[in-house]
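Subject: Structure handover

Hello,

Here is the structure I promised you. Please open it and keep it beside this email as you read.

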Amino acid sequence: EDEDASPSPKDTEFQLYPDKDTAQNTPYGPQVSYMVHFEGSVRGVDVGTPVELLGIRVGRVTDVRLEGEAGRIRVPVTVTLEPERVLLHQGELPTEPGSLQQSTDAQMALLVARGLRAELQTSSLLTGNKVVALAFHPRAPKARLILGARCPEIPTVPGNGFDDLSESATGLLADARQMVQGANQVLRSPELAGTIKNLDVLTRE
């Protein structure tokens with residue numbers, strides 16, 4: 001809490017929200033958009049998926065689509081960031097949208113040059129939901145913020161591998177299910193029933 005901050009004026013109105021998710025999903029001040037391209041599966045990513053910078057929510061996904069080019073399929077994901085949450089600016093934010101985008105791009109370009117990359121991370125193994133995480137990867141290949149497209153593009157790095165873990169877990173569950181079904185079939189077989197009956201006769205003699 002800022003001890004030097006002055007109290008709100010009398011009769012100031014504050015907007016209340018029904019829950020935490022609604023409050024977080026409500027745009028906070030002006031917004032700017034960026035593009036990220038993922039070549040793998042984007043299962044669990046949809047409009048409204050959170051975008052986090054170093055674990056702090058700073059925006060959300062606003063568009064997901066498929067693109068094909070030169071025999072390759074990529075998934076461009078549009079993310080909308082809220083500069084007031086990211087604090088990429090010193091002083092007041094530019095009010096004109098073009099100036100705001102240019103100012104934010106300049107700061108984003110510096111962050112990308114220092115290793116900022118976008119990646120998909122699994123937020124829940126149970127639901128498979130994802131987040132678009134912006135984090136620093138100092139050992140990532142050098143890259144830059146790509147300008148000139150519909151939206152400036154933030155370079156990406158591969159995700160955290162939870163998809164492979166989830167697929168392995170699914171495979172193990174399927175194998176276990178088959179083993180249980182096989183054991184049930186053996187227990188219900190006439191041959192096993194006959195063997196048990198013969199053993200019962202032998203033990204009584």
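Predicted model: local features only at pLDDT ≥ 70, side-chain atom pairs only at ≥ 80, totals over all residues.

**The overall plan**

The protein has five helices and seven strands. Start at the N terminus and the elements run α-β-β-β-β-β-α-α-β-β-α-α. There are 205 residues, and buried ones make up 28% of them. Now take the contacts between residues at least 6 apart in sequence. Of these, 58% join residues at least 24 apart.

**Helix α3**

Go back to α3. Its buried residues are Leu100, Thr104, Asp105, Met108, Leu111 and Val112. Seen down the helix axis, these buried residues fall within an arc of 130 degrees, so they line one face of α3. There is a general rule to remember here. An α-helix has 3.6 residues a turn, so residues three or four places apart point the same way. On the other side of α3, Gln102 and Ala113 are exposed.

Gly98 also sits in α3. Its relative accessible area is 31%, so Gly98 counts as partly exposed. Just after the helix comes Gly115, with a positive phi of about 110 degrees.

**Strand β1 and Val32**

Which strand holds Val32? Val32 is in β1. This strand is mostly covered, with six of its seven residues buried. Val32 has a relative accessibility of 2%, so it counts as buried.

β1 pairs with β5 in the antiparallel sense, over seven bridges. Within that pairing, Val32 has Leu81 of β5 as its bridge partner. Thr80 is 48 residues from Val32 in sequence, yet their C-alpha atoms are 5.6 Å apart.

Look at what else Val32 touches. Leaving aside neighbours within four places in sequence, its contacts are Val79, Thr80, Leu81, Pro83, Leu100, Gln101 and Thr104. Leu100 and Thr104 are among the buried residues of α3. Gly98 is 66 residues from Val32 in sequence, and the two are 9.5 Å apart in space, C-alpha to C-alpha.

**Strand β7 and its partners**

β7 is mostly covered too: six of its seven residues are buried. Which way do β2 and β7 run, parallel or antiparallel? They run parallel, joined by three bridges. Leu53 stands opposite Leu134 of β7.

β6 and β7 run antiparallel, and seven bridges join them. Here Leu120 has Val132 of β7 as its bridge partner.

**The nonpolar core**

In soluble globular proteins, nonpolar side chains tend to be buried together. The largest nonpolar core here has 26 residues. Which of them touch the most other members? Met108 and Ile154 do. Several elements each supply at least two residues of this core: β1 (32–38), β2 (50–53), β3 (56–64), β5 (72–81), α3 (97–113), β6 (116–122) and β7 (130–136).

Find Ile154 on your screen. With its neighbours within four places in sequence left aside, Ile154 is in contact with Tyr34, Met35, Val36, Met108, Val112, Ala118, Leu134 and Leu145. Met108 and Val112 are also among the buried residues of α3.

**A loop and a salt bridge**

Leu54 lies in the loop between β2 and β3. Its phi is positive, at about 55 degrees, although Leu54 is not a glycine. Is Leu54 buried or exposed? At 59% relative accessibility, Leu54 counts as exposed.

Side chains of opposite charge can pair when their charged atoms come close. How many salt bridges does the count give? The count comes to one. In a salt bridge, Arg65 pairs with Asp63, and their closest N and O atoms are 2.8 Å apart. Arg65 has a relative accessibility of 39%, so it counts as partly exposed.

**Where to look**

Begin with Val32 in β1. Then turn to α3 and the face lined by its buried residues. Finish at Met108 and Ile154, which touch the most other members of the largest nonpolar core.

Best wishes

Methods
Residues numbered from 1 in each chain as written. Heavy atoms only, no water. Core = buried A, V, L, I, M, F, W, Y, C linked by side-chain atoms within 4.5 Å. Buried < 20%, exposed > 50% of the residue type's maximum accessible area, 1.4 Å probe, protein only. Helix = DSSP H or I, 4+ residues; strand = E, 2+ residues; numbered from the N terminus. Contact = heavy atoms within 4.5 Å. Salt bridge = Lys/Arg side-chain N within 4 Å of Asp/Glu carboxyl O. Pairing = 2+ DSSP bridges. Arc of directions from axis to C-beta.
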